Amino acid sequence: MKKAIITGITGQDGAYLAKLLLGKGYEVYGLLARRATATTWRLEYLEILDKVKLIEGDLADITSIIRAVEEAQPDEFYNLGAQSFVGTSWRQPQLTAQATGIGALNCLEAIRIVNPKIKFYQASTSEMFGGIPEYPIQSESTPFHPRSPYGVAKLYAHWITINYRESFDIFGCCGILFNHESPLRGIEFVTRKVTDAAARIKLGVQKELRLGNIDAKRDWGFAGDYVKAMYLMMQQEKPDVYVVATGRTTTVRDMCKIAFDRVGLNYENYIVIDPEFYRPAEVDLLLGDPTKAKEKLDWQAETSLEELINMMVDADIKRVENEMRRAK
């Protein structure tokens, strides 16, 4: 039986990846930070909470990661943990650098110290590309130009993974994942903010949706599809870097239309543009080229944006209806 450890197991990607690995017969361990905000609701949602083994630890504390690796003795280590909200990274840049950047270094050091044969996956991000107008489509060879403290921290984590691969012969692979969403997405992310608002406005418990730049373009996919790419990267003979994306870009405006259409409403009647939600440095266009992942991993996105947003709206309708019933 293979064993894997996942940082960020209580997050969207961690929960979907844990379910995938369990289905493949893995013994799955997860690093759980003991903070007030720690929650296992996603693991409960996927009905796997009792099937994973949670180990107390924190990405900012290398000693706890070493102990976790010693306890789990994993074959594979997936680093999905991070301060992953771009907006927060401007308000808490040092925390973002520690958790998102140095956290990856701590994981790699733990592997180097305990067992350099452990395979390592680093969750890189399309935010590392930032805004480069001359590169409208981003691939593995596109230059990086991060436009947020989050993107900068992720870029450090990305390059330190490659550095440890080249320096210590550690199997370190990186998945440059473009935006990926699901019903498990945090409410602070724009897709969930939109689908939740569509549900609440339809059910009469919210009147408007305040957003920033709705003309920004993103390449959105389903997180359940994307964790399959993570797994496939770790099964390759040699570690490498892969862009994981749909190859389709859509504006926030059009994404709003899909969500509100699902509940029979005109989004234009409810969207309020609020300057508070504009970023200090905006990334206007993200569009990934998944050719390498398709050719080398035999992977491609299976869920369309319309299917994804409809899935999220339906889940949020059920959530809000349950809230309303409990409130009575």
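**A parallel sheet and its neighbours**

In this predicted model, Leu 32 stands opposite Glu 56 in strand S3. Residues are numbered from 1 along each chain as its sequence is written, and side-chain values use heavy atoms, with hydrogens and water left out. Local features need pLDDT of at least 70 and side-chain atom pairs count only at pLDDT 80 or more, whereas totals for chains, interfaces and linings use all residues.

Strand S2 (residues 27-32) and S3 run parallel and are joined by four bridges; two strands are said to pair if DSSP finds at least two bridges between them. Helices (H or I, at least four residues) and strands (E, at least two) are DSSP runs, numbered from the N terminus. In general, strands of a sheet pair through backbone hydrogen bonds, either parallel or antiparallel.

Seven strands make up an open sheet with parallel pairing, in the order S3-S2-S1-S4-S5-S6-S11. At its edges are strand S3 (53-56) and strand S11 (241-244), each of which pairs on one side only. From one strand to the next, the twist averages 20 degrees.

Helix H5 (residues 93-114) lies across S1, strand S4 (76-79) and strand S5 (119-125), and runs at about 170 degrees to S5. Axes are lines fitted to C-alpha atoms, for helices over the stretch in contact, and angles run from 0 to 180 degrees between N-to-C directions. Helix H8 (residues 223-234) also packs on the sheet, where it touches S4, S5, strand S6 (172-177) and S11; contact means heavy atoms within 4.5 Å. The direction of H8 makes about 160 degrees with that of S6.
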